[in-house]
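Have the sequence and the model open beside you as we go.

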Amino acid sequence: MKHIVLTGGGTAGHVTPNIAMVPRLRELGYTISYIGSYDGIEKKLIEDMEIPYYGISSGKLRRYFDPKNFTDPFKVLKGYREAKKLLKELAPDVVFSKGGFVTVPVVTAAKKLKIPAIIHESDMTPGLANKLCIPSASKVCCNFPETVKLLPEGKAVLTGTPIRQELLTGNPISALEFTGLSTDKPVILIIGGSLGAAAINDAIRKILPELLKDFQIIHLCGKGKLDDTLTNVPGYVQYEYIKKELADLFALADLVISRAGANAICEISALKKPNLLIPLSAKASRGDQILNARSFERLGYSMVLEEEQITDNTLYNAIIELYHNRQSYIDAMAANQEIDSIEKILQLIEECQQPAQDE
């Protein structure tokens, strides 16, 4: 039986593509193990899927000054030793890495042990962790055509991002029962990412009375970000985080407002939902969400409003414009010749094991 080690962590975006791969890997008879950080978001998500989980030390590699920059390299070295020991014990045929700093020790240890490793980059430009992993990787899976040109020739493969298949089977009736909303007005689903987005939450709540005249709102606002004063407002429901009902909420939504993390926007695109993207500001990130959003805007899949541009008027007007032009966005997404990302990545996983099997 073939054995694969999956790795990735730090945010839900570094875990959900791995989760999307699991059902197909199981169908193909793979034994699956997961290496993540000791107590990152990935631990609970993976353990819920009854996959053996192994934690290693993980340090963050920062581009800015922080006192932890002096101690975290030691955490990374410890993580490397732990990853190497684990990989020796688990003896997988292949490693698949989705990114995040916990993956650097795993991928570099895999190369040392001559275990092929495939890494996946969802964003248009590779993050620092993946940049460090690229020299040790057999192949680099990319989400955007623009990314292929930024990577070593012969390593990059355009695969798209694996989508959780259950998202494609949502039931709007179930969502109506779950939320208590009606069929009288269109529904906007607001998603701020796994941690929620305070800037989006605040902006939406400021214009809520105006929005509720024409729309109903499902607001996924992040842990600790509920507003108790809005608990019983008709047409507005808020949740910290949704797991199993997410497919139903997507099925009910007429519009989606979201951050522009690569996995999120690929899921929205696969579901053909007209969307307004509010990328994480370049002040708070390396700017990857802005590049992702602008790429989808050029393709006609998304409308974009940058965080610095948000006022009560600009946000409200953008939502109204998106709703009026929603069919053009649906048509653009429907015309996209989608890659079957899961099958494409599985093909690479199978191929990279061939030389080892032939020897």
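Q: What makes up the largest nonpolar core, and which residues have the most contacts inside it?
A: A quick word first: this is a predicted model. Its largest nonpolar core has 41 residues, and those with the most contacts inside it are I188, I204, L211, I217, L276, L315 and I319. Helix α13 (residues 312-324) gives the most to this core, with 5 residues.

Q: Which residues does L211 touch, leaving aside those up to four places away in sequence?
A: L211 touches I188, I204, I217, Y316 and I319. A contact here means heavy atoms within 4.5 Å.

Q: Why is the pair of F144 and F296 called edge-to-face?
A: The search of the whole structure finds 5 aromatic pairs, and this is one of them. The ring centres of F144 and F296 are 6.0 Å apart, and their planes stand at 70°.

Q: What makes the pair of F144 and F296 a tie between parts apart in sequence?
A: F144 lies in the loop between β6 (139-142) and α6 (145-148), while F296 lies in helix α12 (residues 288-298), so the pair ties together parts that are 152 residues apart in sequence. Both residues are buried. F144 and F296 also form one aromatic cluster with Y301.

Q: Why is the pair of F178 and Y239 called stacked?
A: The ring centres of F178 and Y239 are 5.3 Å apart, with planes at 25°. Planes under 30 degrees apart count as stacked, so that is the name for F178 and Y239. F178 lies in helix α7 (residues 172-179) and Y239 in strand β10 (residues 236-239), so this pair ties together parts that are 61 residues apart in sequence.

Q: How do you know whether F178 and Y239 are buried, exposed or in between?
A: Buried means under 20% relative accessible area, exposed means over 50%, and partly exposed is in between. F178 has 34%, so it counts as partly exposed. Y239 has 16%, so it counts as buried.

Q: How do you know that R326 lies over the face of Y323?
A: R326 is at 3.9 Å from the ring centre of Y323 and lies over the ring's face. The distance cut-off for a charge over a ring is 6 Å.

Q: Why is helix α11 (residues 262-270) called largely enclosed?
A: Of its 9 residues, 8 are buried, so helix α11 is largely enclosed by the rest of the structure. Among the buried residues is C266, with a relative accessible area of 11%. The cover over the buried residues of α11 includes α1 (16-27), α10 (246-252), β11 (255-258), β12 (275-277), α12 and α14 (326-335). Just after α11, K272 takes a positive phi of about 60°.

Q: Why is S33 called buried, and what does its side chain make a polar contact with?
A: S33 is in strand β2 (residues 31-37). Its relative accessibility is 3%, so S33 counts as buried, given that the cut-off is under 20%. The side chain of S33 makes a polar contact with the side chain of H3, at 2.8 Å, where the limit is 3.5 Å.

Notes:
Residues are numbered from 1 along each chain as its sequence is written. This is a predicted model: local features need pLDDT of at least 70, side-chain atom pairs count only at pLDDT 80 or more; totals for chains, interfaces and linings use all residues. Side-chain values use heavy atoms; hydrogens and water are left out. Rings of Phe, Tyr and Trp (its six-membered ring) pair if their centres lie within 6.5 Å; planes under 30 degrees apart count as stacked, over 60 as edge-to-face and the rest as tilted. Helices (H or I, at least four residues) and strands (E, at least two) are DSSP runs, numbered from the N terminus. Buried means under 20% relative accessible area, exposed over 50%, partly exposed in between (1.4 Å probe, protein chains only). A charge sits over a ring if NZ of Lys or CZ of Arg is within 6 Å of the ring centre and within 35 degrees of the ring normal. A nonpolar core is a set of buried Ala, Val, Leu, Ile, Met, Phe, Trp, Tyr and Cys residues joined through side-chain atoms within 4.5 Å. A polar contact is a pair of N or O atoms within 3.5 Å; within protein, one must be able to donate a hydrogen and the other to accept it, and residues adjacent in sequence count only if both atoms are side-chain atoms.
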